[in-house]
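Thanks for sending this one over. Here are my notes, point by point, to read alongside the sequence and the model.

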Amino acid sequence: MKAAVYKKYGPPEVVEVVDLPKPIPGDKEILLKVHASTVNRTDCGFRSAEYFISRFFSGLFRPKLNVLGCEFAGEVESVGKLVNRFKPGDKLFGFNDARFGGHAEYMLLKDTDVLALIPEGMSYSEAVAITEGGHYALCDIYAMNVQAGQHILVNGATGAIGSAAVQLLKHFGVKVTAVCSSTHADKVKQLGADVVIEFQKEDFTKGNVQYDAVFDAVGKSSFGKCKPILKDKGLYVSTELGNNSENVWRAILGKFSGGKRILFPIPFTKQQDIDLLKELVETGKFKPLIDRSYSLEDIVSAYKYVETGQKVGNVVLTID
Ligand SMILES: NC(=O)c1ccc[n+]([C@@H]2O[C@H](COP(=O)([O-])OP(=O)(O)OC[C@H]3O[C@@H](n4cnc5c(N)ncnc54)[C@H](OP(=O)(O)O)[C@@H]3O)[C@@H](O)[C@H]2O)c1
């Protein structure tokens, strides 16, 4: 089978498409014929090991797992004799940022993995983008303990996480102010944002409105800059570590303060999250934004594009 393999940390060019043996499922495993995956910032982070901390999970000196791809969608080809949850022919999508493996023609899944049947009528390329942004957005939304009627600002509303966050916050009954570039303002309104701030025209940290929370989905601001626009017990959540990892240590220290504070939740993958995302897709409340597609053979170009920091939503990898 063809697979995109990386054997050392580094730039997109460390990834090569090579032939690997087709995996054979064990008794409790599922063999998935992968039709689509994504190239996302999680894959980029593990490939580049830009943040040294990722090496504690992926291997200190070189990657222990050589095929990335935390999002995948495909058809079950065969299952081990102890698997009852899915059967050959089922069309699945899922997320796995512990074992990855979606950047290949086949991958092995465990019957306990976070997986779901693809919503009726949805293609592999659409379904594959449901999970990564949605998963991180949900993790932060739950950490913020959002309540209907709150007003939350999402910075970077066109990223995979930001575009999911706008739609999910609307589902939870929150008033959303979204920050994006002028080019994508209409797109962000269509996602459901109540107010759109175009960052070229206005610095959102200098406005008069006070928010229950600022969710910086692209990590371009800081707690210090956002403090004036937070209510008394307002929260600041960022998807990035911040200057000198301040979002982590200030989150820990801030636990003991009663006022405005930072949260830096550790994301855990839960079956309930993918079930909720699927339900919201089926009821038309969540639609992952898709920017463009690349073929598996062109994965290096996909990585390079994602690392421009300008993708709008998700970048799909087609594997057919
Ligand atoms: N904590 C984690 O575990 C984790 C996991 C995955 C990702 N991340 C991080 O989360 C962040 C978001 O990732 P993502 O995949 O959702 O999106 P992304 O690809 O990083 O975001 C791209 C989007 O951000 C917009 N953008 C760029 N600069 C902006 C600014 N100053 N203000 C507002 N919008 C801006 C771009 O729009 P324009 O081109 O129109 O400006 C583009 O549409 C990344 O920094 C990534 O490293 C963290």
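1. Setting aside residues up to four places away in sequence, leucine 32 touches Phe72, Gly74, Val76, Glu77, Leu92, Tyr106, Met107 and Leu109; two residues are in contact if their C-beta atoms, placed from the backbone, lie within 7 Å. Please keep in mind that this is a predicted model, in which local features need pLDDT of at least 70, side-chain atom pairs count only at pLDDT 80 or more, and totals for chains, interfaces and linings use all residues. Residues are numbered from 1 along each chain as its sequence is written.

2. A residue is buried if 20 or more other C-beta atoms lie within 10 Å of its own, exposed if 12 or fewer, and partly exposed in between.

3. Now the chain as a whole. It has ten helices and 15 strands, where helices (H or I, at least four residues) and strands (E, at least two) are DSSP runs numbered from the N terminus. The radius of gyration of the chain is 20 Å, close to the 20 Å that the globule rule gives for 320 residues, so the chain is as compact as a globular protein of that length. That radius is taken over C-alpha atoms, and the rule is 2.2 Å times the number of residues to the power 0.38. Buried residues make up 46% of the 320 residues. Of the contacts with a separation of 6 or more, 67% join residues 24 or more positions apart.

4. The domain assignment gives domain 1 (2-130 + 289-318) and domain 2 (134-263), with bounds that come from an automatic or database domain assignment. Their C-alpha centres lie 28 Å apart. Eight residues from domain 1 and seven residues from domain 2 form the contact. On the domain 1 side there are five nonpolar, three polar and no charged residues; Ala, Val, Leu, Ile, Met, Phe, Trp, Tyr, Cys and Pro count as nonpolar, Asp, Glu, Lys and Arg as charged, and the others, Gly among them, as polar.

5. Which residues come nearest to the ligand? They are Thr158, Gly159, Ile161, Ser181 and Thr239, out of 29 residues around the ligand, where a residue is near if its C-beta atom, placed from the backbone, lies within 6 Å. H5 gives the most to this shell, with three residues, and H1, H4, helix H5 (160-171) and strand S9 (175-180) each supply at least two. By class, the shell has ten nonpolar, 15 polar and four charged residues. Domain 1 and domain 2 each contribute at least three residues to the shell.

6. Helix H1 (residues 41-48) deserves a look. Its buried residues are Arg41, Thr42, Asp43, Phe46 and Arg47, and they pack against strand S1 (2-6), strand S2 (15-19), helix H2 (55-58), helix H4 (132-144) and helix H10 (299-306). Tyrosine 9, in the loop between S1 and S2, touches Arg47, Ser48, Ala49 and Pro63, leaving out residues up to four places away in sequence. With 19 C-beta neighbours inside 10 Å, tyrosine 9 counts as partly exposed.

7. Finally, a few backbone angles to check. Most residues other than glycine have a negative phi. Alanine 49, which follows H1, has a positive phi near 50°. Phenylalanine 100, in the loop between strand S5 (91-95) and strand S6 (106-110), has a positive phi of about 50°. Is phenylalanine 100 buried or exposed? With 23 C-beta neighbours inside 10 Å, phenylalanine 100 counts as buried. Asparagine 145, in the loop between H4 and strand S8 (151-155), has a positive phi near 55°, and with 10 C-beta neighbours inside 10 Å asparagine 145 counts as exposed.
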